[in-house]
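Dear colleague,

I am passing on the structure we spoke about, with notes on what turned up when I went through it. Please read them with the coordinates open beside you.

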Amino acid sequence: MRIPLLDNKKRFSMPHTFVLLVLLVLVAGILTYIIPAGEFNRVKDAAGRMVIVPGTYHFVASQPLPLYEVPLKLFKGLMKAADVVYFVIIIGGAFEIITRTEMIAAFTGRMARALRGREGWVVPIFLSAFSVGGFTMGMSNEVLVFIPIGILMARSLGFDVLTGTAMVLLGAHAGFTAGLMNPFGVGIAQAIAQVPLFSGMWLRAAMLVVLLITTSIYILRYAYKVKADPSKDILNDLTEINEVDEKAAVLPDLKPHHYAVLAIVISGLAGLLYGVTAKKWWIDEMAALFLTMGVLSGFVAGYTPNQVSRIFIEGAKGIIFGALVVGFARTIIVVFEDGKIVDSIIFYLSSSIAFLPGLLQPIGMYVVNVIISLIIVSASGMAMATMPIMAPVADLLHITRQTAVLMFQCADGMTHVILPTSAATMGALATAKIPFERWIKWVWPLFFIWIGIGGIFVIIAYVIGY
């Protein structure tokens, strides 16, 4: 008698994204039994933010996670991330309407024809363009809006879905990492470290140029390899992706209503830039704006209210996977917070660097920031949690506070390309229908290249007394 389980010699396959997330939640739960619970005292600063008081870490009663509460925590994670979850769903529905008008496809087709024979320029152009959004308004969740544009552009030039996604997503991440005028990362970190706002921009600008050049080369090597041999496409076995590819490769001609839809989209994005920078908009206002853009675009294209509603629902259904991933990923932080070990992790990691000698101290601080950034996904949250500690530590180690800010910024921005807890990354992958495990397989070498670039600039900053 054959035993199918033993006879089946299948190769190991990467677990599904939800399986990976649940495993991470379980690991987080186990850590609540191992790491002592503790807290820092926090006070409100002049801007009304709660910041850590250095030297106030103390133990508190342990609150380990009973493993039978994991399903409860998963739901709590969804509720904690509800604003981002619904934002992702609305983005999916609104841009399904805009995509159905074929405006993006038509203008992409015209641009693609203009770039025939010069396909290699599209990657650095897109990376540079989206880096501007990253280093000015801290473009993060907003990147979801542009993923369909990147995919259509890439497909029309003979590249694949992953190339189109990467040249948008990595451009925004590179800009966010450099953070020339990013109010959410550099702005808050420099304010807490009492460094002049957006000072030291020249070194971060140099780092941005290095990141863009390196990333362009990395993407183009893969893109041309796939163009020459489609079997090298890391997504070539995914039927749904391939079907989307075939449709994306056929681009329509421009029609009068395309110009009207384009005007709505440009006006909406201009309003987004103004609202985020001048009016301090957040997800509520952005979601309302994108919903309005989608509905108006549908009406301009000649759709009836019923048709607009049906198309919106189809788009929302298509992105529900990514929305759930965002919520489940938030559960990891919920477990750390409920177990009272977030501050303990920060305390032990930060304290360990004081024992390192000479040049290893700034490297140690940088590595600690990288590790912490894997735990605290929010740039502003990480700045508020770590800079009150890192700034005094930098003083004791005779490292400039500007260098401490650079360490924080590099670590926070670069880790987002691999984190399953990054709403921007997971939302972009969901929009492109790229499984997270395939993305990790492709991007991890670039991640370590970025981390290395960050380390080099940290050393330069330390040596020159930045």
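In helix H6, the buried residues are Val 122, Val 123, Phe 126, Leu 127, Phe 130, Ser 131, Gly 133, Gly 134 and Phe 135. Please bear in mind throughout that this is a predicted model. The cover over those buried residues includes helix H7 (147-156), helix H8 (161-178) and helix H10 (201-228).

Glu 119 sits in the loop that runs between helix H5 (103-114) and helix H6 (122-136). Is Glu 119 buried or exposed? Its relative accessibility is 14%, and since the cut-off for buried is under 20%, Glu 119 counts as buried. Leaving out residues up to four places away in sequence, Glu 119 touches Leu 157, Phe 159, Tyr 224 and Lys 227. The C-alpha atom of Glu 119 is also 8.8 Å from that of Ala 154, although the two residues are 35 apart along the chain.

**The largest nonpolar core**

The largest nonpolar core has 141 residues, and those touching the most other members are Val 122, Leu 170, Phe 290, Met 365, Met 387, Trp 439 and Trp 442. Helix H21 (residues 436-464) contributes the most to this core, giving twelve residues. In soluble globular proteins, nonpolar side chains tend to be buried together. For Trp 439, when neighbours within four places in sequence are set aside, the contacts are Ala 166, Leu 169, Leu 170, Val 417, Thr 425, Leu 429 and Ile 434.

**Aromatic pairs**

There are 14 aromatic pairs in the structure. In one of them, Trp 444 and Phe 448, the ring centres are 6.1 Å apart and the planes stand at 80°, so the pair is edge-to-face. Both residues belong to helix H21, where Trp 444 and Phe 448 are four residues apart, about one turn of the helix. Trp 444 is partly exposed, with a relative accessible area of 44%, whereas Phe 448, at 52% relative accessibility, counts as exposed. Elsewhere, ring pairs join Phe 40, Tyr 57, Phe 59 and Phe 347 into a cluster.

With best wishes

Conventions: Residues numbered from 1 in each chain as written. Predicted model: local features only at pLDDT ≥ 70, side-chain atom pairs only at ≥ 80, totals over all residues. Heavy atoms only, no water. Core = buried A, V, L, I, M, F, W, Y, C linked by side-chain atoms within 4.5 Å. Buried < 20%, exposed > 50% of the residue type's maximum accessible area, 1.4 Å probe, protein only. Helix = DSSP H or I, 4+ residues; strand = E, 2+ residues; numbered from the N terminus. Contact = heavy atoms within 4.5 Å. Phe/Tyr/Trp six-rings, centres within 6.5 Å; stacked < 30°, edge-to-face > 60°.
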